[in-house]
Amino acid sequence: MSNLPRVLADLPVSADVTELCAGRVELVPWTGNTHGVVGIYTYGHPTVDAALLDALPAVQVISNNGVGVDHIDVAAAAARNVPVGNTPGVLNGATADLAFALLLAAGRRLVEGDRYARGPDFHRFDPSFMLGREGHGSTLGVVGMGRIGEQVAKRARGFGMTVLYCNRRRNEAAEVALGATFAPLDDLLERSDYVVLTVPLTAQTRGMIGRAELARMKPTASLINVARGAVVDVAALTDALRGRRIHAAALDVTDPEPLPRDHPILALPNVIITPHLGSATVETRRRMAEVSIDNLMLGLAGKALLHPVQPLAHG
Ligand SMILES: O=CC(=O)O
């Protein structure tokens, strides 16, 4: 056993994280001997709750390699004076790029077209087949105008889109800089051709897009989720897609994740599902590893984290 500080981690971690930890901390598997563990390093799962913190009383810091902390009981950590760190800022561009890729792919039926082009039915070009919906000039509704939402809105300007947004509070900076217009959720759903979800998962956002909300969307509109699966009621979405009550959906996140193989939504042609790739680029994952290991080392040294998560914002 080394003398390095022992940190509980969901192993294996990436090569970047392994490199950044070398000679600084010893990563201990979640199911292994947790004796003397002084830190917790997570990336989305498993859950860090009060029971785990009680079982590991020497923990000085929880560092999350990602921005969403819905798997961490931040209030329980705060009650035990354990700071929680995350990686905001470094992944906004990559996640907004993916949201836009999904938006265009949903509108233009890209994945369906790929399957068709590989299949036996594609004999010759037919001008009447596989017509989609335009991205340029359309109306985009951004649900959650935070750091990632702003980057989505910024890209939409290049496509000549009208940008609506809703948020817990007005984001006047985004209104001025990005020409985004605040709208209540119901209004945004009724007017948008693309609804992009970029909210954190909290008690307020869990299930916020359910049957009633989907019913407000235009039959020609698409729903894009790069937030967390549980923001959307997946049974209601399955029904809306099956009944063609909306054009399409593109989901980078699902609830549960992954979906069971026999989930009915997986049989539908008008849904695209990607395996939680929002921040999955070489460049962004490197920056996330750096920020999260910086947070970890600062916490272990008893210093303020680069990016501490505030408990109230995630209640
Ligand atoms: O989903 C990824 C993250 O929250 O960073």
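**Entry 1: the division into domains.** I looked up how the protein is divided and found domain 1, made of residues 6–89 + 282–300, and domain 2, made of residues 92–273. I note that the model is a predicted one. I then looked up the separation of the two centres, taken over C-alpha atoms, and recorded 31 Å between domain 1 and domain 2. Five residues from domain 1 and five residues from domain 2 take part in the contact.

**Entry 2: the buried area.** How much area is buried between domain 1 and domain 2? I recorded about 470 Å², with 48% of this area given by carbon and sulfur atoms.

Entry 3: I searched the interface of domain 1 and domain 2 for salt bridges and found one. Which residue forms a salt bridge with Asp 70? I identified Arg 228 as the partner, and the closest N and O atoms of the pair are 2.9 Å apart. This distance counts as a salt bridge because the rule asks for a side-chain nitrogen of Lys or Arg within 4 Å of a carboxyl oxygen of Asp or Glu. I also recorded two residue pairs in polar contact across the interface of domain 1 and domain 2, both at pLDDT 80 or more. On the side of domain 1 that touches domain 2, I noted one nonpolar residue, three polar residues and one charged residue.

**Entry 4: the record.** I consulted the UniProt annotation, from an unreviewed entry, and read "domain: D-isomer specific 2-hydroxyacid dehydrogenase catalytic" for residues 35–309. In the model, the end C-alpha atoms of residues 35–309 lie 26 Å apart. I recorded this span as 35% helix and 14% strand.

Terms used: Residues are numbered from 1 along each chain as its sequence is written. This is a predicted model: local features need pLDDT of at least 70, side-chain atom pairs count only at pLDDT 80 or more; totals for chains, interfaces and linings use all residues. Side-chain values use heavy atoms; hydrogens and water are left out. Domain bounds come from an automatic or database domain assignment. Contact means heavy atoms within 4.5 Å. Buried area is the accessible area (1.4 Å probe) that two parts lose on being put together, summed over both. A polar contact is a pair of N or O atoms within 3.5 Å; within protein, one must be able to donate a hydrogen and the other to accept it, and residues adjacent in sequence count only if both atoms are side-chain atoms. Ala, Val, Leu, Ile, Met, Phe, Trp, Tyr, Cys and Pro count as nonpolar, Asp, Glu, Lys and Arg as charged, and the others, Gly among them, as polar. UniProt positions are given in the numbering used here, feature names are shortened, and annotations may be inferred rather than shown by experiment. Helices (H or I, at least four residues) and strands (E, at least two) are DSSP runs, numbered from the N terminus.
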